[in-house]
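Thanks for coming, everyone. Have the sequence and the model open while I talk.

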Amino acid sequence: MEAWLMATMAVAEKSTYDFAMENFDIAADMLGLDSDMRNMIKYPERVLAVVLPVRMDNGKILRFQGYRVQHSTARGPAKGGIRYHPNVTEDEVKALATWMTWKCAVVNIPFGGAKGGITCHPEEMSQAEIERLTRRYTHSILPLIGPAHDIPAPDVNTNPQVMAWIMDTYSMTKGYPVPGVVTGKPISLGGSLGRKEATGRGVYYTLESTCSHLRLPIKGAKVVIQGFGNVGSAAAHMLDVNQACITGVGEFEGCIYNKDGLDIPSLLLHKQKTGSVVGFAAAEPIAPAELLTLECDVLIPAALENAIDGENAASVKARVIAEGANGPLTPEADRILEAKEVFIIPDILCNAGGVTVSYFEWVQDEQHLFWEAQDVYNRLERVMKTSFNDVLRIHLDRKVGMRTAANMLGVSRVAEATKLRGLYP
Ligand code: NAD
């Protein structure tokens, strides 16, 4: 086989987990971490694969594959969301768990990193089937989870209702309610005000800091958003309130564009009524590939991993990329965009608002004392802006990209905790 073809195949075969490992190595090299420390903090501590037989509404049993990965407990209990999606694999969950470790360290909350997932098509399942799947999964990962051990939360295609079922299943095994076993719960079960919109709000706060650093006014800035779920729609709402001009929005079902700016409150209502942004009257449909390469000041990928890669990165015209999603840029896209001097707010900083308010929720549950929404917002803003400045300082002092700066901050804090606990030989 010719060398160029082998090289291309090797790139194509790289998984999201390979990308996570690659990013770790770049940060560890910059920090001068020795191989002992790398061996202690780089890899997941626990990987649990579970098989989930579930009775479907037609009476038949289907078998689903699920995972829970704890990457690190060096700085505290493991923390991370649960994803229901057909593309869930062990490698993907390991990558997402790894990023959670650095993310919690970047925003300096006392958690390690974890993630869970089930390979399934939730859009083809009834609520009753999703409930039975969730309860079976919770039962299967019982040995790992608990308020002091590992605390799940929502991710793609999971929501407060799913968290309520997890909390209930876990509580049944204890004989008393244990709200602190999950975050992102409904308010009536011990959820926190401000958790639902926390990730999108956090994206907005990091954008505010970026815009003041770059002297780019938010008012009138042209913004394009890929993904209009929990993260994308909450970020859109905050940007709209602050008079940014959102020209393009895309979802799995289709993408829409209006050069004069989309009417976000009406679009939110349309999504609520129809389930997607498709068919919104005051906009024209555009192709998914076009959405990412629209002329704009800010691009927010808030859908899934690897949306921007070596193929399309050169055509991206944004000045700032705010990573609402986890891992939306491949390392190759990173290199291309950095060369174009695009300012990237990396995922482990940009979307850390969700886990930050999850931490607030866990604190409130443990204390049985609940905070007002404005209190949550103020604390979140403080955490996001402090973390942004911590990462920016490394970016400027060490002359590295924002992603490497964020990874250096996260990895160094985990390494320090590991050393202080005496795990270091
Ligand atoms: P969600 O399920 O609420 O929404 C996902 C959105 O992505 C939907 O609008 C969907 O249509 C869109 N999408 C899926 N595939 C797409 C495709 N191929 N092209 C265009 N759009 C597509 O999920 P979410 O909670 O908003 O999570 C989105 C991202 O943010 C994920 O990467 C997740 O890991 C990350 N994240 C979420 C949270 C949180 O608190 N929910 C926190 C941190 C990071």
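One definition before we start. Ala, Val, Leu, Ile, Met, Phe, Trp, Tyr, Cys and Pro count as nonpolar; Asp, Glu, Lys and Arg count as charged; the others, Gly among them, count as polar. Keep in mind that this is a predicted model.

Cavities, then. Rolling a probe the size of a water molecule over the atoms shows where empty space is left. The count here is two cavities of 30 Å³ or more.

Take the largest cavity. The volume is about 90 Å³. Which residues line the largest cavity? They are Phe-19, Asn-23, Trp-99, Asn-306, Gly-327, Leu-329, Thr-330, Pro-331, Asp-347, Ile-348, Arg-403 and Asn-407. By class, that lining has five nonpolar, five polar and two charged residues. Three helices each supply at least two residues of the lining: helix H2 (16-31), helix H12 (347-350) and helix H15 (402-420).

Now the second largest cavity. The volume is about 40 Å³. How many nonpolar, polar and charged residues are in the lining of the second largest cavity? Eight nonpolar, no polar and no charged. The lining residues are Leu-207, Cys-211, Ile-218, Ala-221, Val-223, Leu-239, Ala-244 and Val-298. Hold on to Val-223 and Val-298, which are both in that lining.

Strand E8 (residues 254-257) pairs with E9 in the antiparallel sense, over three bridges. Cys-255 stands opposite Ile-286 in E9.

Move along to E10. Strand E6 (residues 222-226) and E10 run parallel and are joined by four bridges. Val-223 has Val-298 as its bridge partner in E10. The partner of Val-298 in E11 is Val-320.

Look at the side chains of E10. In a regular strand the side chains alternate between the two faces of the sheet. Which way do the residues of E10 point? Val-298 and Ile-300 point one way, and Leu-299 and Pro-301 point the other way. All four are buried.

What lies across this part of the sheet?

Ala-105 lies in helix H4 (residues 90-106). Is Ala-105 buried or exposed? The relative accessible area is 0%, under the 20% cut-off, so Ala-105 is buried. Leaving out residues up to four places away in sequence, Ala-105 touches Arg-75, Gly-410, Arg-413 and Val-414. Ala-105 and Ser-387 are 282 residues apart along the chain, and their C-alpha atoms are separated by 9.8 Å.

Thr-404 lies in helix H15. That is one of the helices supplying the lining of the largest cavity. Thr-404 has a relative accessible area of 15%, so this residue is buried as well. Again leaving out residues up to four places away in sequence, Thr-404 touches Ile-26, Ala-27 and Met-30.

Last, two loop residues with positive phi. Asn-157 lies in the loop between strand E5 (150-154) and helix H6 (160-174). Asn-157 is not a glycine, but its phi is positive, about 65°. With a relative accessible area of 42%, Asn-157 is partly exposed.

Where does Gln-243 lie? In the loop between helix H8 (230-241) and strand E7 (245-251). Phi of Gln-243 is near 65°, again a positive value in a residue other than glycine. Gln-243 is partly exposed, with a relative accessible area of 45%.

That's the tour. Questions, please.

How values were computed:
Residues are numbered from 1 along each chain as its sequence is written. This is a predicted model: local features need pLDDT of at least 70, side-chain atom pairs count only at pLDDT 80 or more; totals for chains, interfaces and linings use all residues. Side-chain values use heavy atoms; hydrogens and water are left out. On a 1 Å grid over the protein atoms alone, a cavity is a set of points where a 1.4 Å probe fits but cannot get out, and a pocket is an open set with protein on both sides within 12 Å along at least five of seven lines; lining residues have an atom within 4 Å of a point. Grid points are joined across faces, edges and corners, and a volume is the space filled by probe spheres set on the points. Two strands pair if DSSP finds at least two bridges between them. Buried means under 20% relative accessible area, exposed over 50%, partly exposed in between (1.4 Å probe, protein chains only). Contact means heavy atoms within 4.5 Å.
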